[in-house]
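Hi there,

I'm passing a structure over to you, with some notes to go alongside. Have a look at it first, and then read on.

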Amino acid sequence: MSVEKFVKADGSGVYEFVLDMSDTLHAYDLSFYSRIEGKDAPTGFPMKVYLTSPSGQTYGETVYYRVSEGVVSPYRTGLVPVEPGEWTMSVTAEARGLCGMGIICTKTDI
């Protein structure tokens, strides 16, 4: 089962998602996708990704997003959260022509 969410750019460069990772019998695959318009669009850009657990513990890292039209970019595969429940993901990304960011959360077998 997959859940897909897309957040349109609002000029802040911040995109927030709520991910239901409450099923402790499964792992999760997380992938990003974006929409970039314009002929001077970048081929990639850095993103700061923060995941906050249901109890408020925050984990963060910087990753590089490679732009490819129509392609989903895997972020994490086989993720087993340290805490079941609803996690909040905050992504900070700025790039010319970025119209928004999306996340796909897919439940997989462990």
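Below are the notes, starting with the conventions and the overall fold.

This is a predicted model, in which local features need pLDDT of at least 70 and side-chain atom pairs count only at pLDDT 80 or more, while totals for chains, interfaces and linings use all residues. Residues are numbered from 1 along each chain as its sequence is written, and side-chain values use heavy atoms, with hydrogens and water left out.

**Overall fold**

The protein chain has eight strands and zero helices; helices (H or I, at least four residues) and strands (E, at least two) are DSSP runs, numbered from the N terminus. Read from the N terminus, the order is β-β-β-β-β-β-β-β. The radius of gyration is 14 Å, close to the 13 Å that the globule rule gives for 110 residues, so the chain is as compact as a globular protein of that length. That radius is taken over C-alpha atoms, and the rule is 2.2 Å times the number of residues to the power 0.38. Along its principal axes, the C-alpha trace spans about 45 × 25 × 20 Å.

Contacts here are heavy atoms within 4.5 Å. Of those in the chain with a separation of 6 or more, 78% are accounted for by residues 24 or more positions apart. The accessible surface comes to about 6,600 Å², and 50% of it belongs to carbon and sulfur atoms. Areas come from the Shrake-Rupley method with a 1.4 Å probe; for residues, only the protein chains shown count as cover.

**The core**

Buried residues make up 35% of the 110 residues, where buried means under 20% relative accessible area, exposed means over 50%, and partly exposed is in between (1.4 Å probe, protein chains only). The largest nonpolar core has 25 residues, and Leu19, Phe32, Met47, Met89, Val91 and Met101 touch the most other members. Strands β2, β3, β4 (44-52), β5, β7 (85-93) and β8 each supply at least two residues of this core. For a set to count as such a core, buried Ala, Val, Leu, Ile, Met, Phe, Trp, Tyr and Cys residues must be joined through side-chain atoms within 4.5 Å. Leaving aside neighbours within four places in sequence, Met47 contacts several residues, among them Phe32, Val63, Tyr65, Val91 and Met101.

**Salt bridges**

How many salt bridges does a search of the whole structure find? There are three, each being a side-chain nitrogen of Lys or Arg within 4 Å of a carboxyl oxygen of Asp or Glu.

- Lys107 pairs with Asp23, with the closest N and O atoms 3.3 Å apart. Lys107 lies in strand β8 (residues 98-109) and Asp23 in the loop between β2 (14-21) and β3 (26-36), so the pair ties together parts that are 84 residues apart in sequence. Lys107 is partly exposed at 28%, and Asp23 is partly exposed at 22%.
- Glu37 pairs with Arg35, the closest N and O atoms being 2.5 Å apart. Glu37 is partly exposed, at 41% relative accessibility.
- Glu61 and Arg76 meet at 2.6 Å, N to O. Glu61 sits in strand β5 (residues 58-66) and Arg76 in strand β6 (residues 73-79), so this pair links parts that are 15 residues apart in sequence. Glu61 is partly exposed at 28%, and Arg76 is partly exposed at 34%.

**Cysteines**

The structure holds zero disulfides, a disulfide being a pair of cysteine sulfur atoms within 2.5 Å. Cys99 is partly exposed, with a relative accessible area of 24%, whereas Cys105 is buried at 8%.

Best wishes
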